[in-house]
Amino acid sequence: MRIHISTILVGLIGCIVISASSLYTALRLGALPWPLFLAALTSYSLLKRKNQLPDFTQINVAHTMMTSGSMIAGAVAFVLPAVFFMNPQASVPLPQVFILIAVGTIIGLASSWLYRPFFLEKFPLPFPIGTATAQILNAVQHKGKTGVILLTSGIFSAAFAFMRDFFRKIPVVALGGNFLVSPMAVGLGFLLKTSGIIWAVSGILIHALIIPISTQHGLFSDLAHAQLWMKSLSMGLMISCGMMYLLISLWQNRSFFALIFKNRSFTRPSAVFVAAISALAIWALLITYTPLTMLQAALLIPIVLCTNFLSCIICGKTGINPLEKLGLTGFLCIVLITKVLPLQAIFIVLIGAVACGLCGDLMNDFQVGKVMHSPPGLMFLAEIFGAFCGIIITVIVFFAIKTTASFGSENFPAPQAAALSAMLSGKIYSGIFILGLALGLLLGLSRYGIMTALGIYMPLAISMPIGLGSLIYLLTPKKIQEQGALAAGGLLMGEGLTGSLIALWEMFKLKT
């Protein structure tokens with residue numbers, strides 16, 4: 001099967017756009033929706049020739065390449081800023097960051113190809129995101145409005161962000177600093193559906209009511225004390241909610257594990273030999289170019305393969321990929337065996353999060369290909385090419401933002417990385433953090449536990465527009481919610497790409 005030049009160009013340009021906008025979105029809003037729907041529909045709009053039946057193999061290869069950097073960017077945004085939270089003057093060499101991300105990418109790619117036959121053929125899981133994407137592509141053949149909606153909302157969002165952040169003609173916040181003026185945040189709220197309402201309501205209750213009232217009545221010495229107390233509580237909530245979700249998923253799928261481990265294909269001599277050589281090369285790379293010790297690097301590889309296995313099951317069953325929580329799980333396994341310094345811990349979590357993010361993304365792509373009968377080998381090659389393109393874009397944009405802005409600011413709060421750094425450095429109220437961990441075990445039994453914790457942790461200025469987006473979703477008639485989701489995706493991409501370009505411009509301007 002021959003891949004057209006137009007397919008490669010669409011996939012490459014889309015990969016650059018989605019990788020940059022995903023990093024910006026995750027740093028700014030602390031969340032990252034799946035870009036697969038948007039990428040698939042964009043590929044369809046650009047590659048379908050007029051008056052001809054669509055070639056879904058070309059479309060699937062293009063969207064696989066387009067999304068391959070998105071979860072890599074998300075993992076970097078969720079973890080790497082922790083280095084600079086712990087030490088604002090820290091210097092992490094760009095080549096070292098590239099190697100760390102590349103190692104996670106290689107493990108993610110290898111495990112995806114290894115696990116694909118099991119989770120899609122021998123023990124097939126539904127992979128709801130991939131299945132829904134295939135259904136949308138099949139349905140959209142008879143509709144021609146997809147590209148117009150995406151392009152219109154994307155241009156509006158990009159122009160809005162450009163006027164706000166470059167020309168300073170639109171305020172960044174409104175309502176006394178309690179509402180971030182961001183089309184992207186509203187779009188994310190729409191995509192989160194009712195979950196965004198939970199996020200916003202918990203944020204309003206804490207930041208607009210409980211903190212001010214309790215401070216006025218002397219329960220806290222001042223506002224800063226109250227905010228640190230709530231931040232410590234919400235960090236514990238976020239971590240334990242995520243871990244609780246992971247444990248529940250493992251328990252619910254215990255019979256599925258038993259079926260898989262009865263299969264002997266993992267122990268084929270050829271597979272074992274290739275895996276051993278690859279693991280040795282990765283181990284040598286880690287101990288040579290990163291601060292990880294020989295024991296840490298040796299433990300990391302099999303542990304990340306295991307967390308990727310969990311990522312496949314969770315994504316396959318629920319459509320959710322808790323990549324940073326899986327990375328943290330790997331770190332906790334290693335720290336039980338050997339001492340781990342804070343910087344080493346961040347790098348371990350980063351590798352695990354990148355690998356799990358990429359693995360979940362590619363398995364959903366494989367599911368689209370399975371439903372639409374596209375060759376998995378071509379899609380895998382597209383993922384390899386796109387992933388390493390995504391690494392380059394992610395690293396460049398990350399350091400551009402780092403050069404021109406500060407993590408933890410109103411523009412880039414990076415909440416997951418802040419929680420990780422606080423946990424590692426002890427810059428929290430330890431007793432309140434432990435209380436949050438305990439409460440999170442109960443809250444994690446609810447499907448909205450993470451959203452509640454995010455509402456407590458994130459600034460009210462971000463929670464408010466997300467709540468507005470979710471409210472718009474609830475008020476939107478069901479028959480046009482699909483078009484609304486397309487428009488929301490365009491809002492995310494437009495502002496995300498513009499923000500990344502402005503950060504690059506500011507970085508080059510500083511250097512000259």
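This is a predicted model: local features need pLDDT of at least 70, side-chain atom pairs count only at pLDDT 80 or more; totals for chains, interfaces and linings use all residues.
Visitor: How is the packing of α1 against α17 classed by its angle?
Guide: Helix α1 (residues 5-29) and helix α17 (residues 376-404) have axes 9 Å apart, at an angle of about 40°; axes are lines fitted to C-alpha atoms, for helices over the stretch in contact, with angles from 0 to 180 degrees between N-to-C directions. Helices here are DSSP runs (H or I, at least four residues), numbered from the N terminus. Angles under 35 degrees count as roughly parallel, over 145 as roughly antiparallel, 65 to 115 as roughly perpendicular and the rest as oblique, so α1 is oblique to α17.

Visitor: What classes of residue make up the contact of α1 with α17?
Guide: Contact means heavy atoms within 4.5 Å, and the residues that meet include Leu 12 and Cys 15 in α1 and Phe 385 and Gly 386 in α17. Ala, Val, Leu, Ile, Met, Phe, Trp, Tyr, Cys and Pro count as nonpolar, Asp, Glu, Lys and Arg as charged, and the others, Gly among them, as polar. By class, this contact of α1 with α17 has 13 nonpolar, four polar and no charged residues.

Visitor: Which residues of α17 make the contact with α16?
Guide: The axes of helix α16 (residues 342-372) and α17 come within 10 Å and cross at roughly 145°. From α16 the contact takes in Leu 358, Asp 361, Leu 362, Asp 365, Phe 366 and Gly 369, and from α17 Pro 376, Met 379, Phe 380, Glu 383 and Ala 387.

Visitor: What kind of aromatic pair do Trp 113 and Phe 380 form?
Guide: Rings of Phe, Tyr and Trp (its six-membered ring) pair if their centres lie within 6.5 Å, and planes under 30 degrees apart count as stacked, over 60 as edge-to-face and the rest as tilted. For Trp 113 and Phe 380 the values are 4.8 Å centre to centre and 35° between the planes, which makes the pair tilted.

Visitor: Is Phe 380 buried or exposed?
Guide: Buried means under 20% relative accessible area, exposed over 50%, and partly exposed in between (1.4 Å probe, protein chains only). Trp 113 is partly exposed at 35%, whereas Phe 380, at 15% relative accessibility, counts as buried.

Note on methods
Residues are numbered from 1 along each chain as its sequence is written. Side-chain values use heavy atoms; hydrogens and water are left out. Helices (H or I, at least four residues) and strands (E, at least two) are DSSP runs, numbered from the N terminus.
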